[in-house]
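Hello,

Here is the structure I promised to pass on. Have a look at it first, and my notes follow below.

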Amino acid sequence: MTELSKHPYKLAPSRAFWSRAVSNAFDTTDLISHDGVLIRKTDKVVSAGSCFASNLVPYLDKSGLSYHRTEIVHPAFAEFADDNFGYAKFSASYGNIYTVRQLLQLLRRCRGQFSPQEGFWVEDGMYVDPFRPGLKFKARSEQEFWALTHQHLGKTLVAFEEATVFVLTLGLTEAWLSISDGAVFPACPGAIAGKFDETRHRYHNFSVAEVEADLLTFISEMREINPHVKFITTVSPVPLVATAGGQHVLCASTYSKSVLRVAAETAAAKLDNVVYFPAFEIVTGPQAPDKFFEADKRNVTAAAVDSVMCALLAHCEVEGAMTPSTTIPVKESLATLLVDSECEEVMSER
């Protein structure tokens, strides 16, 4: 080998070259650079994030891994359990968490470090949680509301404290905030419940610096109560349903996902025991087949979720290789069930 031919690319593996790793012989499992096991059978997995995050749960259950649940619907509320906003699909009933600031806020509420000034809304004599506005059960008094809220926050704190693996799916950068104290709502007030008031509520699109800071802070504060928790971060491939920023929604969605992707990479590079999992790239990359999105070009299909989860489970402690045909039947897939359910974000278009 001559001196001219000696350069770093000569020693790079096939995965470093587009022609070898994407154009030909593409393998989703090669996208994960982590060498160890992502999730072991003994792990307690807790997850949070946007609507796409809830797809994780049935696959973990099917594969024999442990999805940790600390808040189970009481029999007295059985008729309200089948809600349309996914509250019961997560480790505790916090539902979809769209921005990192919203997640950081939830952790601080659980620890008694933050109490939103706009703590509840009253509609038709019933008490509505602004941070879980789609809950079917509405408290009948302020006393009942705070009793249920404190119980929920306590169960959420237990989930955060006991998790050995925390899977975080980053979804959005756009949010609606309280002007008085910066509290982040999961949906624009008035879209699901409450009433929008321009003197009390404002739109905000988080910057790269803000999302990075929030993510690093969340991980740091989580490790104050759970020092050894591992984080697996990913970015939801589902585009924005709408934007309030004045841009075309396609440009706004590209900005949002780009910011989240950079923040996830930053956290993985700066912190120990933080791994980035490329669900976004698997579903949206140029190698992805058309069948990964529904006809609306927004909702991902069961095939896409299967591909993502097979790639994840290939790096977990499960028995045998997981393929789309051995994960869960399409009819049982949450990707299909999402057609019949809603995210709070969708309500902004209603």
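Helix 5 and helix 6 lie oblique to each other, a word used for angles that are not under 35 degrees (roughly parallel), over 145 (roughly antiparallel) or 65 to 115 (roughly perpendicular). Before going further, please note that this is a predicted model, in which local features need pLDDT of at least 70 and side-chain atom pairs count only at pLDDT 80 or more, while totals for chains, interfaces and linings use all residues. Residues are numbered from 1 along each chain as its sequence is written, and side-chain values use heavy atoms, with hydrogens and water left out.

Back to the helix pair. The axes of helix 5 (residues 208-225) and helix 6 (residues 249-270) come within 9 Å and cross at roughly 40°. Axes here are lines fitted to C-alpha atoms, for helices over the stretch in contact, with angles from 0 to 180 degrees between N-to-C directions. Helices (H or I, at least four residues) and strands (E, at least two) are DSSP runs, numbered from the N terminus. Residues of helix 5 that meet helix 6 include Val211, Leu215 and Ile219, and among their counterparts in helix 6 are Val259, Ala263 and Lys270; contact means heavy atoms within 4.5 Å.

Four strands make an open sheet in the order 1-4-8-9, with parallel pairing; two strands pair if DSSP finds at least two bridges between them. Its edge strands are strand 1 (45-49) and strand 9, each of which pairs on one side only. Strand 1 is joined to strand 4 by five bridges, and Ser47 stands opposite Val167 in strand 4. Helix 6 packs on this sheet, touching strand 4, strand 8 and strand 9.

Strand 8 (residues 230-235) is worth a look: six of its six residues are buried, meaning under 20% relative accessible area, with exposed being over 50% and partly exposed in between (1.4 Å probe, protein chains only). Lys230, Ile232 and Thr234 point one way, and Phe231, Thr233 and Val235 the other. Six bridges link strand 8 to strand 4 (residues 165-170), with Leu168 opposite Thr233. On the pairing with strand 9 (residues 274-276), which has three bridges, Ile232 is partnered by Val275.

There is also an open sheet of three strands in the order 6-5-7, with antiparallel pairing. Strand 6 (184-185) and strand 7 (201-205) each have a single partner strand, so one side of each is left without a neighbour in the sheet. In this sheet, Trp176 stands opposite Phe185 in strand 6.

Best wishes
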